[in-house]
Amino acid sequence: MSPESGPAPVKASLLYGEELAVHRFAELPAAALVHGLEDDWSSYTKLSQLLSGRFRSFPLDMPWRSGGTYRWRARATSGQWIEGGLQMMPEPVSVLIAHSMGANSVLQWLASGANPKLDALILLSPFYWSPTQPVDWAIFDGFRQQFAAVMTAGLQTRLGPRAHTMDPDIFNTMVRKMLEKMGPQAFLALFDQYSAASSLALSHVSVPTLVIGSPNDPGMLGDRADALQADMPSAELCMDPRFSHFCHVEQAQEVADLIIAFVDRQRAG
């Protein structure tokens with residue numbers, strides 16, 4: 001095969017009076033990754049590395065990042081933020097992976113009528129609302145406790161092994177300061193997503209979807225996982241009690257294996 005008959009180079013230049021070009025043998029599909037509330041794009045570092053042989057990962061830095069303000073809530077819906085982030089992608093997205101509130105934001109985006117051309121959608125530890133539960137003050141107060149527990153688990157995940165050797169009083173002080181810094185807006189942002197989940201119109205979604213989480217996770221307790229699957233027939237659930245809320249970090253290898261196997265099934269079918 002002559003050089004002229006092959007694909008165009010991805011980069012070409014004239015250097016020292018001679019043509020120099022860079023070609024690519026294979027085009028890996030692109031994967032967009034959306035982080036959760038009070039987290040950031042770097043939380044996907046390990047999972048991206050494990051997926052690097054199959055996908056080129058593009059983690060998005062969303063306005064609900066750790067240390068951000070909550071002005072984004074008044075400026076656009078979470079679904080609109082997802083749409084905006086995906087429009088910034090340098091190439092078409094094959095797989096969309098989203099965690100926690102990022103996953104719920106994707107559900108909001110889909111419910112708004114989005115019809116993305118994806119090979120697969122991966123939702124990690126979403127929060128879902130069971131239609132059998134009323135939105136009352138008892139649920140509100142209970143979710144405040146669950147919110148604090150999830151944020152505490154997130155701090156433990158970020159600290160890694162240090163969290164197990166740290167003086168409990170020091171760790172508890174860090175938790176208190178973290179929650180004070182987040183303020184009530186962080187809780188309300190997640191509660192809004194959580195309490196609205198069962199009213200989302202998801203039955204039309206045709207994108208093959210894999211939901212990865214734990215039956216012990218606050219967002220999937222009781223009949224919440226069943227409610228999500230009933231509302232979203234395109235979803236396949238993998239609920240493993242060994243997974244934590246931050247499974248993409250703490251059980252990254254297992255999550256990567258599930259993602260690869262799921263995508264391979266969709267392409268084979």
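The side chains of Arg 54 and Asp 264 meet in a salt bridge, with N and O 2.3 Å apart. This pair links distant parts of the chain: Arg 54 sits in the loop between H1 and E4, Asp 264 belongs to helix H10 (residues 252-268), and 210 residues separate them. The term salt bridge is used here for a side-chain nitrogen of Lys or Arg within 4 Å of a carboxyl oxygen of Asp or Glu. Helices (H or I, at least four residues) and strands (E, at least two) are DSSP runs, numbered from the N terminus.

The model is predicted, and local features need pLDDT of at least 70, side-chain atom pairs count only at pLDDT 80 or more, and totals for chains, interfaces and linings use all residues. Residues are numbered from 1 along each chain as its sequence is written, and side-chain values use heavy atoms, with hydrogens and water left out.

**Salt bridges**

The structure holds seven salt bridges. The table lists some of them, including the pair described above.

| Salt bridge | N to O distance |
|---|---|
| Arg 54 and Asp 264 | 2.3 Å |
| Arg 65 and Asp 61 | 3.0 Å |
| Asp 240 and Arg 242 | 2.7 Å |

Exposure is given as relative accessible area: buried means under 20%, exposed over 50%, and partly exposed in between (1.4 Å probe, protein chains only). Arg 54 is partly exposed at 30%, and Asp 264 is partly exposed at 33%. In the remaining pair of the table, Asp 240 is buried at 13%, whereas Arg 242 is exposed at 66%.

**Strands E3 and E4**

Strand E3 (residues 30-34) and strand E4 (residues 56-60) run parallel and are joined by five bridges; two strands pair if DSSP finds at least two bridges between them. Within this pairing, Ala 32 stands opposite Phe 58 in E4. Together with helix H1 (residues 45-51), E3 and E4 make a right-handed β-α-β unit. Right-handed means that, with the strands pointing away from the viewer, the path from the first strand over the helix to the second runs clockwise.

**Loop residues**

Ser 100 lies in the loop between strand E5 (93-99) and helix H4 (101-111). Its phi is positive, about 55°, although Ser 100 is not a glycine. Ser 125, in the loop between strand E6 (120-124) and helix H5 (137-159), also has a positive phi, near 50°. Most residues other than glycine have a negative phi. Ser 100 is buried at 6% relative accessibility, and Ser 125 is buried at 1%.

His 245 lies in the loop between strand E8 (235-239) and helix H9 (247-250). His 245 counts as buried, at 6% relative accessibility. The side chain of His 245 makes a polar contact with the side chain of Asp 217 at 2.9 Å. A polar contact is a pair of N or O atoms within 3.5 Å; within protein, one must be able to donate a hydrogen and the other to accept it, and residues adjacent in sequence count only if both atoms are side-chain atoms.

**A surface patch**

Tyr 16 is found in the loop between strand E1 (11-15) and strand E2 (18-22), and is exposed at 78%. Leu 15, Tyr 16 and Leu 20 form a nonpolar patch on the surface, with about 390 Å² of accessible area together. Patches are made of residues with over 30% relative accessible area and no salt bridge, where like charges are joined within 9 Å and nonpolar side chains (Val, Leu, Ile, Met, Phe, Trp, Tyr) within 5 Å. Accessible areas come from the Shrake-Rupley method with a 1.4 Å probe; for residues, only the protein chains shown count as cover.
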